[in-house]
Amino acid sequence: MSHFKTANTSSVVDLRSATDEKLPVALESLGYTQSFKLIDTRLAIGYLTAVTAALTFYAEKELSFEDALPYTKLLLVVYVILSVSAWAHAKYVEKSIVYRGSKNKHTLQISGEIDKFVPEYKLTFTLTNQNKSSFTFNKTLEFKEIFDKFGNLHETQLKNWINTLLESNTKEK
């Protein structure tokens, strides 16, 4: 396991990306199992879009223009519907979710936002138990807490920060 992920300390977007990349690793070491349902859905829509485009190409290549036209129109409508659904999924379902996972029949969802001029990561944690009752809390992570001056992300510090945060908030509720 690599203990460092290097990022440009002058770029908040780069710091966020590096943090997002190591977040699942830190949570896995705390016993969480990541859920890939959102990613799988996005991939399925993308693959279906590519298949639709390939079918359109195939119809236009193998059939005459007049014979291919009804298929092309139909496949164009399907392509637009898939593209709009991919956009809607990203905007309204995935939103700013950076992690979704579970541990002992409890689910954890983490959403994050940044201001590209402020070196902080505003995170929203949502814990849901097996009874479907949820508890949400917000916490701001200052990137200097987990990155050194050279831009190295320290996984141990990230893991400890998350562990302390989750323990303190789950004991309160």
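## Salt bridges in this model

A salt bridge is a side-chain nitrogen of Lys or Arg within 4 Å of a carboxyl oxygen of Asp or Glu. The structure you are looking at is a predicted model, in which local features need pLDDT of at least 70 and side-chain atom pairs count only at pLDDT 80 or more, while totals for chains, interfaces and linings use all residues. Residues are numbered from 1 along each chain as its sequence is written, and side-chain values use heavy atoms, with hydrogens and water left out.

## Arg-42 and Glu-94

Let us start with Arg-42 and Glu-94, whose side chains meet in a salt bridge with N and O 2.9 Å apart. This pair links distant parts of the chain, with Arg-42 in helix α2 (residues 37-62) and Glu-94 in helix α3 (residues 65-94), 52 residues apart. Helices (H or I, at least four residues) and strands (E, at least two) are DSSP runs, numbered from the N terminus.

To describe how open a residue is, buried means under 20% relative accessible area, exposed means over 50%, and partly exposed lies in between (1.4 Å probe, protein chains only). Arg-42 is partly exposed because its relative accessible area is 46%. Glu-94 has a relative accessibility of 12%, so Glu-94 counts as buried.

## Glu-155 and Lys-22

Next comes a salt bridge between Glu-155 and Lys-22, where the closest N and O atoms are 3.1 Å apart. Here too the pair links distant parts of the chain: Glu-155 belongs to helix α4 and Lys-22 to helix α1 (residues 12-29), 133 residues apart. Helix α4 covers residues 155-172.

Are Glu-155 and Lys-22 buried or exposed? Glu-155 is buried, because its relative accessible area is 5%. Lys-22 is buried as well, with a relative accessible area of 12%.

## Lys-144 and Glu-142

The side chains of Lys-144 and Glu-142 also meet in a salt bridge, at 3.5 Å from N to O. Lys-144 counts as exposed because its relative accessibility is 66%. Glu-142, at 28%, counts as partly exposed.

Now for the wider layout. The domain assignment (bounds come from an automatic or database assignment) gives domain 1 as 12-35 + 96-172 and domain 2 as 39-93. The C-alpha centres of domain 1 and domain 2 lie 36 Å apart.

Helix α2 has 26 residues, which should span 38 Å at 1.5 Å a residue, and its end C-alpha atoms are 37 Å apart, which agrees. The expected span of a helix is 1.5 Å times one less than its number of residues. Which residues of α2 are buried? They are Leu-38, Ile-45, Thr-49, Thr-52, Thr-56 and Ala-59. What covers these buried residues includes α3 and β3 (97-103), where contact means heavy atoms within 4.5 Å.

## Two loop residues with positive phi

Finally, take a look at two loops. Asn-104 sits in the loop between β3 and β4 (106-115), and its phi is near 50 degrees, a positive value in a residue other than glycine. Asn-104 counts as exposed because its relative accessibility is 62%.

Lys-132 is found in the loop between β5 (118-128) and β6 (134-142). Phi of Lys-132 is near 70 degrees, again a positive value in a residue other than glycine. At 69% relative accessibility, Lys-132 counts as exposed.
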